Amino acid sequence: MTRIALQLLLRRLLLAIPILLCVSALVFVILRLLPADPIAMSLPPGATPEDVERLKRDFGLDRSIPAQYFIWLGKLLTGDLGTSIFFRRGVGELVSRALPATIELVAAGLTLGVILGVAGGLAMFAKRGTAAEQAIDLSTTGLMAIPEFLWAILLILFLGVAFPLLPFIGRLDPAVTLPPTITGFLLLDSLLSGRWDALRSALAHLVLPSLALAIGLAPLVMRVLRSSLLETILEDYITQARLRGIGERRILIGHALKNAALPTISLIGVQGGFMFGGTVLVEMIFAYPGLGNLMVDAVRNHDLPVIQAVALIYCVLVLAINAIVDVIYLAANPKLRAAS
Amino acid sequence: MSPRAAAALRRCAQSPRVIVAAIILIAAIAVALFAPFLAPHSPQDQDLINTLLPPMWAVGGDPSYPLGTDTLGRCILSRLIYGARVALYVAFVAATGAMLLGAALALLASYFGGWVDWIVSRMVDIWMAFPPVVLALILLVGMGAGVNKVILAIVLIDWTRFCRVIRSEGIVVMKRDYIAAARLSSFTNLQIMLKELLPAVSPLLITLLSLEMGIAVIVEAIMSFVGLSVEPDVAAWGVMIADARQTMNQAPWGVIFPVFAIFLLVLAFNLMGDGLRRALDTRLLISRGAA
């Protein structure tokens, strides 16, 4: 089992390398189509043509595109992500502060979405064939017609403005001092340093943005789980369990759910990757200082080094989540487990 | 029309989902087409004395602005009506474009197999590594903003949604006897692809097209929300939401109406896709959701 999982991870890793090379080259070429001049935008009004030339040289923008790409790639391999044109700071520094925030947000969103989705899927299954199932089915169709960024706005409107229960700006209350940085993950750092006030504030700030992401995921999980439960329940081993006198609830939780979970797990893999895309606007709307906010700022200012780096990191995250879900799938799949 | 196609069409017409969706879509198309006659004001007319009016049924509402006004005193109803034009234009053009590109590559891949299939599949792998929103932002930075650029970006991103599904369906179809029969009766490759393979995958294609239109509406809304889509003088729902967000605590209606408009249109496309999928009996497609 562990050996198969390791092989799988290794294969995923080997596949990821060419994909990431292609992705980075693609991003590089697309960004060089740019009609606007990022240098001109970052200079003060009185700048001379010499200033422009010097800055272009500093950022390597006077070379050919393939040359620029290989310089960038070479630096990347040594861990140097370049310098932001707009922020005038190291891209690595900007990214390393934003990345844990985004991972925390997606982890919270995924957890919440899976909990809501599995609960909803089980409820739909339990009420199968009744009007209640139809009603839930119809409301999932409705829920799916609203994208994450609109949920973000609606949640702020109702739970932030109309009934101000939860904070909706940033990661932490301004009155709370930041816990010491140990891992960069705010929740973890607060926990490790025993800063309960920071932990409470950080958790409260996570609720609305992660809920906005979760409402997008939950209906999909519900539907897939329900339809695979409906298929599983017809299998012979379920009938056998019934004949042995095992209660319906135990059959569902102890027997059917395990097998029916597989399609749901693959769905979560795909959607987990998409959720990183969803964070872009959700972070912007909640002024949550993660990768998405950094990306939107970079896009608005044509900050090419930042866009390049953040795009690549998003792809790494998507591939990573796919690999993790593959391993979970393997661990949950009795057929593959038996093979080892 | 073959009897089978006629029966399928009848099943579609009887599906409540398809009927509800068709009603909403026909209404939306009519609103977009007749916008100049329906809108009480020009979508750009500012009335700086009557800014942030509530809808006419609320206290302080003005009947000449049925859904109220925004920060510049522009009529929200009129902007919603004109916004439908942008949303539907992007939905139809972008989704059709993505379908043509995705289906063409999928047909080539499933028909020829071998290295053609290998290349197409690797391209899909690379594209799938991007969260779609991130790729859209990068493309719009590279190509510059604008509504037609948004359409191009959607085509260049979402062809994979068609390609993945149609390719695997096409590979199944290619194993059928009638394809072999067509080969034996010296059909050309193009003939087999267009006359045998394409009709076999078309129920799936139509279903995906409908879902993709909903996705296109959302992507356009996102891009106009961040200011990368329409020109500043064009009313689009995403722009309305972005503008009204600043004054959301005094005037929540400015946000709620365009959100509702997006919801209704996307719902219609999703219901249509869902209804068609059931009526055309395409094997359960797992909806991959939006953005």
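Predicted model: local features only at pLDDT ≥ 70, side-chain atom pairs only at ≥ 80, totals over all residues.
Q: How many salt bridges does a search of the whole structure find over all chains?
A: Side chains of opposite charge can pair when their charged atoms come close. To count here, a Lys or Arg side-chain nitrogen has to lie within 4 Å of a carboxyl oxygen of Asp or Glu. Searching the whole structure over all chains with that rule gives 22 salt bridges.

Q: How many salt bridges does the rule find across the interface of chain A and chain B?
A: One salt bridge joins the side chains of D137(A) and R17(B), at 3.7 Å from N to O. Another joins D274(B) and R223(A). Across the interface of the two chains, the rule finds a total of three.

Q: Which helix gives the largest share of the side of chain A that touches chain B?
A: Several elements of chain A give two or more residues to this side, among them α1 (2–31), α9 (196–232) and α11 (248–285). The largest share is eleven residues. That share comes from α11(A).

Q: What area do chain A and chain B bury between them?
A: The size of an interface is often given as the accessible area lost when the parts come together. Here 49 residues of chain A are in contact with 47 residues of chain B. On the chain A side, the touching residues divide into 39 nonpolar, six polar and four charged. Of the buried area, 81% is on carbon and sulfur atoms, and the total is about 4,100 Å².

Q: Is α5(A) parallel or oblique to α12(A)?
A: Two packed helices are described by the angle between their axes and the distance between the axes. Helix α5 (residues 91–126) of chain A packs against α12(A) with the axes 7 Å apart and at an angle of about 130°. That angle is why α5(A) is described, relative to α12(A), as oblique.

Q: How many nonpolar residues does the contact of α5(A) with α12(A) have?
A: From α5(A) come L94(A), V95(A), A98(A), L99(A) and T102(A), and they meet L291(A), G292(A) and L294(A) of α12(A). Sorted by class, this contact has no charged residues and two polar ones. The nonpolar residues number six.

Q: How many helices does chain B have?
A: The C-alpha trace of chain B spans about 75 × 45 × 30 Å along its principal axes. Chain B has zero strands, and its helix count is eleven.

Methods:
Residues numbered from 1 in each chain as written. Chains lettered and ligands numbered in written order. Heavy atoms only, no water. Contact = heavy atoms within 4.5 Å. Buried area = accessible area lost by both parts, 1.4 Å probe. Helix = DSSP H or I, 4+ residues; strand = E, 2+ residues; numbered from the N terminus. Nonpolar A, V, L, I, M, F, W, Y, C, P; charged D, E, K, R; others polar. Axes fitted to C-alpha atoms, helices over the stretch in contact; angles between N-to-C directions. Parallel < 35°, antiparallel > 145°, perpendicular 65-115°, else oblique.
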